Amino acid sequence: MTSRIPRDSRLRLVRPRPLAAAPRAMNQRRSRRPAPRPPEGTPAPAELAGMARSGLAPAARVARWADAALRPGREGPNPDGKGTLSQTTAERAAADLGLTPAQVRADWDTARLAGLVEVHGDSARPGWRLRAWNRDDSAVLRGWVALFDAWSLACPEPADHEPAAVAEVVSAMPQVLSFLQLSAGPVPVEQLLDLLEQRVTELRTERCEIPYGPQPEPGQDLPDPADAPLAPLLDWALRALASVGALTYGDAQATLTPLGSWAVWVKLEQICVAAQSPAGNIEQGAEDMLRGCAQLRPNAARAEYRAWLAARTVSSAVTELLDAARGEDALLRGLAFEALRVVGAPAEPDVRAVAEESTLRPYALLWLAEHDGADPEEAHLVLTREEATWLWVDTAAAVSDHGDAPLLVRHLESAVQPTVPALLDEVRAVGHPRTVQVLVALAAAHPDPALAKAVRRAAFQVHTGG
């Protein structure tokens, strides 16, 4: 009597798909909120991108020179570990480009802030935005917004002012920019100074700080940020914002440029999106925010991530997301790295650091590959067979916990192994803590009795240590 179970044909998997395909299939519900439209009179994205390209042309020129002249294998000094140009390199670039070394350094710093050049460890290399500069308007606009966000680094801060006072002005400037955006025209600097003083006073009142550390001796006076005049700091802030192309400043008045007005609107819209979301994601921790985004389609989820990130410093947001990724919920692990993709280059050092953690390693390697310019559909090739299998089990755990049976069955298509027996052998070997639960759920969901039986047998063997 022969077995009714076919030897191979019914247990063969279909052609593998990229590993990222399965998690993306889980986000199926459409966002109900229509895409917001910018204020009337805002130029079209293509026109805004043209303005950004024009303003960043000198920075792009220096970045392209560095790409051609300083790439590995070429003679000549490289940028140092901090991403700044050495004197020799600056002089060489100045000679090649017909600029002064000071101009080269200024354009190089702008290129770094805009993401045209990225610092990785002890070297600098062209960013993905430089590769997409001539063909991707969204990449250009994101680069300019990155520069806009870093306006306080674009010009040296006044040396004769207390750092605390400078920090207060930087914290208060978003409200000043919002006022400029709503005014939609020139605003006298005197009026902006009144607004800045009010906002700084509010910030000091909200802090209600209790003094700590060494206190001054009787009769000894220490500098008080409240005594610092704000007019010179406002002048510095407006000049810095003008240098990045966010506004025009002169004749005792300031006016947002079309790019600056659009960028301020984008920032305000990001906050409004989160404030109007059912879960109130802007006020949630990373784990609750990710759960709130789990049922959104990818574009809607990315909008939520951007709004949540806009309300936090980059370092604290990245730390929160990685802590959420270390939890037991595999779905949150995948979503955390999707949110980190929105963070982009500033998250790279932290993501590179967690690549040594076995639980996060496959996600981190995929993130780094895409960040370095790999095609998202081919990024999974950076994983070893063992890492790819571990990620397959982790994604299956997310599908099992949050998806449905048909989706779990379709998840088989993303395995790198050509047959179920090969998949089961390697799944057992990687030692994922959710292996038994995943195999039991897959056996219960699959309509093929032969395949289900093989999967149940593998689950039993893992459970018993056989």
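Good morning. The count of salt bridges in this structure comes to 18, where a salt bridge is a side-chain nitrogen of Lys or Arg within 4 Å of a carboxyl oxygen of Asp or Glu. The structure is a predicted model, in which local features need pLDDT of at least 70 and side-chain atom pairs count only at pLDDT 80 or more, while totals for chains, interfaces and linings use all residues. Residues are numbered from 1 along each chain as its sequence is written, and side-chain values use heavy atoms, with hydrogens and water left out.

I begin with the salt bridges. One of them joins the side chains of Glu-168 and Arg-204, with an N to O distance of 2.8 Å. Glu-168 belongs to helix H9 (residues 163–183) and Arg-204 to helix H10 (residues 189–207), so this pair ties together parts that are 36 residues apart in sequence. Helices here are DSSP runs of H or I with at least four residues, numbered from the N terminus. Is Glu-168 buried or exposed? Glu-168 is buried, at a relative accessible area of 5%, whereas Arg-204 is partly exposed at 25%. In these terms, buried means under 20% relative accessible area, exposed means over 50%, and partly exposed lies in between, with a 1.4 Å probe and protein chains only.

A second example is the salt bridge between Arg-326 and Glu-357, at 3.0 Å from N to O. Arg-326 sits in the loop between helix H15 (314–325) and helix H16 (330–343), and Glu-357 in the loop between helix H17 (348–354) and helix H18 (361–371), so the pair ties together parts that are 31 residues apart in sequence. Arg-326 is partly exposed at 38% relative accessibility, and Glu-357 is partly exposed at 28%.

Glu-320 also forms a salt bridge, with Arg-312, and their closest N and O atoms are 3.8 Å apart. Glu-320 is partly exposed, with a relative accessible area of 29%.

I turn now to helix packing. Two packed helices are described by the angle between their axes and the distance between the axes. Axes are lines fitted to C-alpha atoms, for helices over the stretch in contact, and angles run from 0 to 180 degrees between N-to-C directions.

At what angle do the axes of helix H3 (residues 57–69) and helix H5 (residues 101–113) cross? They cross at roughly 90 degrees and come within 8 Å. That makes H3 roughly perpendicular to H5; the term covers 65 to 115 degrees, while under 35 counts as roughly parallel, over 145 as roughly antiparallel and the rest as oblique. Among the H3 residues in this contact (heavy atoms within 4.5 Å) are Pro-58 and Val-62, and among those of H5 are Trp-108 and Thr-110.

H3 has a further partner in helix H4 (residues 87–97): their axes come within 11 Å and cross at roughly 110 degrees. H3 is thus roughly perpendicular to H4. The contact is made by Arg-61, Val-62, Trp-65 and Ala-69 of H3 with Thr-89, Arg-92, Ala-93, Asp-96 and Leu-97 of H4.

Finally, the axes of helix H2 (residues 45–55) and helix H7 (residues 137–149) come within 9 Å and cross at roughly 55 degrees. H2 and H7 are therefore oblique to each other. Residues that meet here include Leu-48 and Arg-53 in H2, and Asp-137 and Trp-144 in H7. Thank you.

Key. Helices (H or I, at least four residues) and strands (E, at least two) are DSSP runs, numbered from the N terminus.
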